[in-house]
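User: I have a structure to go through for class. Could we look at it together, one piece at a time?
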Amino acid sequence: MAESKTYLEAKAFAKEHIAPWSTAVDKENRFATEAFQKIAEAGYLKLIIPEKYGGQGKGVVEHVDVCRAFAEEVGSVGLCYMMHNVFLWEVMGGGREELIELICKDVVENNALCALAHSEFITGIHFYDPHTDAKAEGDYIVINGAKSMVTSGGSAKYYSVNIPSPIAEGNDHMILELGTEGSTFELERWKNAMGMRANVSCPLKLENVRIPQSNRVESTPGTGADIELNVVVPPFVLGLAGIYTGVLKHMLDEAISHATTRKYPSGQTIGQHDLAAYNIAEIYGRQQACLALTNEAVRAYAAGEEDAIAKVLACRMISIDDVIDMSKLAMRIGAGAAYAGMGELSRLTRDAFGGHIMAPGADMLHLWLGRALLGDELIQPERDI
Ligand SMILES: Cc1cc2nc3c(=O)[nH]c(=O)nc-3n(C[C@H](O)[C@H](O)[C@H](O)COP(=O)(O)OP(=O)(O)OC[C@H]3O[C@@H](n4cnc5c(N)ncnc54)[C@H](O)[C@@H]3O)c2cc1C
């Protein structure tokens, strides 16, 4: 399968500027500041911003290619990058020209990084059902509550916070700027995270936080759930499929590298054992299947095809499962060295599990796909929560 120019360039970039930080950000459990400095300098933060705002005007195809290429080196860098693009799509989907211009300008001119603060402790995986307390006070919305896991928490400049709309039936998204009085990122609550550590997905406390009404994403208040489902979910789910296909590629490379270099006194390598070759073939086959399905889903979505949403959900469902399944085989090849933390296999295995946890989660993804195929509504809060 021929790779796109965008992917090949992003891959070369990631090898040079992201890979060197893979061990440090995982060990130190911290945001990949140095890598993001380079990502910004290379113009990747404006990839999907339309040309009329000074961006590169690229779409979901390039978004997924870049997420995958970054994640092949460090999954959590791919994840933070993916959230940034999805935030921009959300803001543009809201249709408020002044806000769109303001944010796009800040990204283009100052490399402002963006993120999503949607999930809450109370409704967990069901991110579209916020219970934060939000009241309108003159030109402001005053918010009290907490978000549970915010990717790039404390490192991004803008966060989209979903709230029950205080002025209409339904939900709104309000743009919170880093440092706004009353908002606190609780980074210490991420310090024992299992994987995806450079993601720093920490809780966000909101105490009498005042956000100007002009920072509302939606031109029609109360339509946040529609934007969430129609604008945010597809590039988010596709981005995650790309990321986990990328993590699986890294696992394959690590397994091959170990299998061809670990030698017994006879001079025989692990890879010369039939079972290792069998396991490597299995990992390769699954990775290629994830890639093919992800590319097909991206194509179908970009083309606006009728059955695109089923393919979108399916590619993430398969890639997040396969990366976990294949980690068992890769760890058998890496064995003692991998278990002891040498090389990247133990990190990749820990990173793999994040895919099942992130909204809408592995189980809900199956449910959503089944519903899509049966012609039912995807989101059915009265049954699910
Ligand atoms: C690495 C990482 C990054 C993240 N980044 C962000 C971010 O940037 N922004 C953000 O808003 N959130 C983020 N999250 C949060 C994430 O999206 C989820 O909302 C959160 O992890 C859900 O946690 P929970 O334990 O409360 O799940 P719960 O809601 O308690 O769910 C527990 C389990 O029950 C299952 N379940 C629940 N209801 C049903 C049902 N009706 N049918 C079938 N199964 C069901 C779920 O699938 C899940 O497996 C991130 C999470 C991770 C791991």
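User: Which residues is K157 in contact with, leaving aside its neighbours within four places in sequence?
Analyst: In this predicted model, K157 is in contact with A112, L113, C114, E177 and L178.

User: Where is K157 placed?
Analyst: K157 is in the loop between β3, residues 140-150, and β4, residues 158-164.

User: And what about L176: what separates its C-alpha atom from that of K157?
Analyst: The two C-alpha atoms are separated by 8.4 Å, while the residues are 19 apart along the chain.

User: Why does K157 count as partly exposed?
Analyst: K157 has 18 C-beta neighbours inside 10 Å. A buried residue would need 20 or more, and an exposed one 12 or fewer, so K157 counts as partly exposed.

User: Changing topic: what is the order of the strands in the open sheet?
Analyst: The order is β1-β4-β5, three strands with mixed pairing. The edge strands are β1 (114-117) and β5 (171-177), each of which pairs on one side only. Neighbouring strands of this sheet are turned by 25° against each other on average, direction ignored.

User: How many bridges join β1 to β4, and do they run parallel or antiparallel?
Analyst: Four bridges join β1 to β4, and these strands run parallel. C114 stands opposite Y158 in β4. C114 is also one of the contacts of K157.

User: Which helix lies across these strands?
Analyst: Helix α5, residues 75-94, lies across β1, β4 and β5. The helix runs at about 80° to β1.

Key:
Residues are numbered from 1 along each chain as its sequence is written. This is a predicted model: local features need pLDDT of at least 70, side-chain atom pairs count only at pLDDT 80 or more; totals for chains, interfaces and linings use all residues. Helices (H or I, at least four residues) and strands (E, at least two) are DSSP runs, numbered from the N terminus. Two residues are in contact if their C-beta atoms, placed from the backbone, lie within 7 Å. Two strands pair if DSSP finds at least two bridges between them. Axes are lines fitted to C-alpha atoms, for helices over the stretch in contact, and angles run from 0 to 180 degrees between N-to-C directions.
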